[in-house]
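Subject: Structure for you to look at

Hello,

Here is the structure I said I would pass on. Please open it first, then read the notes below it.

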Amino acid sequence: MTIDPGIKLLIVDDLPENLLALEASIRDDGYSIHQAASGEEALALLLEHEFALAILDVQMPGMNGFELAELIRGMARTKHLPIVFVSAAGKELDYAFKGYENGAVDFLYKPLDAYAVKSKVQVFVDLYRQRTELRRQLVALEESRRRQQALVSELQTAQIELKRALQMRDEFMSMVVHELRTPLSVLAMEVRVRQHQVAAENTAFFAPENLSKMFERDQRQVRSLTRLIDDMLDVSQIQHGKLSIRRGRCDLTAMLRRVVSEIQGQRSDVEITLQADCVELVGDWDEFRLEQVVVNLLTNALRYGGGKPVRVELSQLPGAATIRVSDQGVGIAPEDRARVFEQFVRVGDRLRTPGLGLGLYITKQLVEAHGGTISVESVLGEGSTFTVALPTTGAESPAGVAAPARAGA
């Protein structure tokens with residue numbers, strides 16, 4: 001016989017022989033049977049176990065069966081427990097009526113008929129199994145409902161993200177077309193002008209001083225196209241986890257002097273100054289990628305700086321080298337500062353602001369790929385300062401401090 005520990009029966013009688021007789025009549029059905037010799041013992045068991053049925057003797061000293069039933073019905077945990085009363089008193093005492101008033105579902109008289117007891121117990125055990133299964137199904141149904149609700153929520157979120165991604169794609173394509181069209185239009189116009197001058201046999205138009213200016217204009221437009229293409233390639237590499245960082249010996253001081261000098265040569269209308277604490281600051285970095293970072297930050301400063309001076313500072317702190325690029329331009333609103341490092345974000349007038357909104361996003365990825373951080377401080381109308389902090393493990397800095405220098409000097 002296999003005991004089903006999930007089916008527990010409670011039998012209560014103050015006489016041990018009655019408990020043994022009652023248990024003997026139902027023991028072979030494989031239930032887990034718990035005995036109590038008093039109402040107090042029964043209550044303790046009821047607090048500890050969940051029973052399918054309680055069989056209570058009516059006539060017990062102290063707390064009788066009816067009183068115990070009232071307490072059972074008064075507890076939230078046991079108010080639905082089926083109760084069967086057992087009594088040796090004659091039917092003329094009308095105990096059955098009182099038992100039903102106290103919440104009994106059946107009434108048995110002694111001497112007990114073992115077959116009748118087994119049959120009644122089986123009925124209530126089957127009902128208990130059905131209730132248990134129903135509860136299980138309700139729990140499973142509720143869990144399924146929660147999962148479906150979570151799935152619906154995930155689908156809605158995915159739909160919103162997809163809609164946003166499609167919108168960003170459309171905006172991106174629009175920006176790409178606009179940004180590519182500008183240098184291409186300028187180059188196309190230059191070609192048409194030169195073709196017209198050739199057709200007119202105007203050789204003076206191609207004098208050496210004019211050719212130099214033509215080449216400079218062409219190079220500027222080619223650099224714009226190259227920059228746009230490089231930005232798109234970098235974003236593609238970042239999104240596919242293939243951004244390459246090739247570390248090697250890199251002197252930040254020398255790199256900054258070179259980059260600032262080159263950009264100053266292209267923008268003679270804006271003063272760019274470099275302040276470096278160290279004559280030389282050498283570390284294990286990817287010089288090409290850090291040059292890209294500085295170019296992006298300087299381009300950003302020149303774009304939003306309103307033609308005012310731009311300052312670049314290099315400092316060495318314990319464990320880190322910091323590069324600061326400061327402008328005195330329009331500044332960034334507080335609500336936009338957290339967004340400037342996201343893709344396709346351009347603060348200010350988007351129609352008048354050139355670029356794809358990728359420069360600072362790429363810059364942040366490049367800095368973080370070196371284990372560094374980038375942050376921004378800004379005041380509207382007063383300008384912005386971007387600070388890059390790079391770990392200097394293995395960095396070398398000879399003694400000496402470089403004097404402030406104007407780029408190109």
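Among contacts between residues at least 6 apart in sequence, 69% join residues at least 24 apart. Please keep in mind that this is a predicted model. The protein has 409 residues, and 40% of them count as buried. Ten helices and 13 strands were found in the protein. Its accessible surface comes to about 22800 Å², with 56% belonging to carbon and sulfur atoms.

The rest of my notes concern salt bridges; the whole structure has 17.

Two of the pairs lie in helix H5. Arginine 146 is bridged to glutamate 142, with the closest N and O atoms 3.6 Å apart. These two residues are four apart in helix H5 (residues 114-199), which is about one turn of the helix. Arginine 146 is partly exposed, at 40% relative accessibility, and glutamate 142 is partly exposed at 31%. Both also belong to a network of salt bridges that links Glu142, Glu143, Arg145, Arg146 and Arg147.

In the other pair, arginine 194 meets glutamate 190 at 3.2 Å, N to O. Here too the residues are four apart in helix H5, about one turn.

Which helices does the bridge between glutamate 291 and arginine 258 join? The N to O distance in this bridge is 2.8 Å. Glutamate 291 lies in helix H8 (residues 287-304) and arginine 258 in helix H7 (residues 252-266), so the pair ties together parts 33 residues apart in sequence. Glutamate 291 is partly exposed at 23%, as is arginine 258 at 31%.

Regards

Key
Residues numbered from 1 in each chain as written. Predicted model: local features only at pLDDT ≥ 70, side-chain atom pairs only at ≥ 80, totals over all residues. Heavy atoms only, no water. Buried < 20%, exposed > 50% of the residue type's maximum accessible area, 1.4 Å probe, protein only. Contact = heavy atoms within 4.5 Å. Areas by Shrake-Rupley, 256 points an atom, 1.4 Å probe, with all protein chains shown as cover. Salt bridge = Lys/Arg side-chain N within 4 Å of Asp/Glu carboxyl O.
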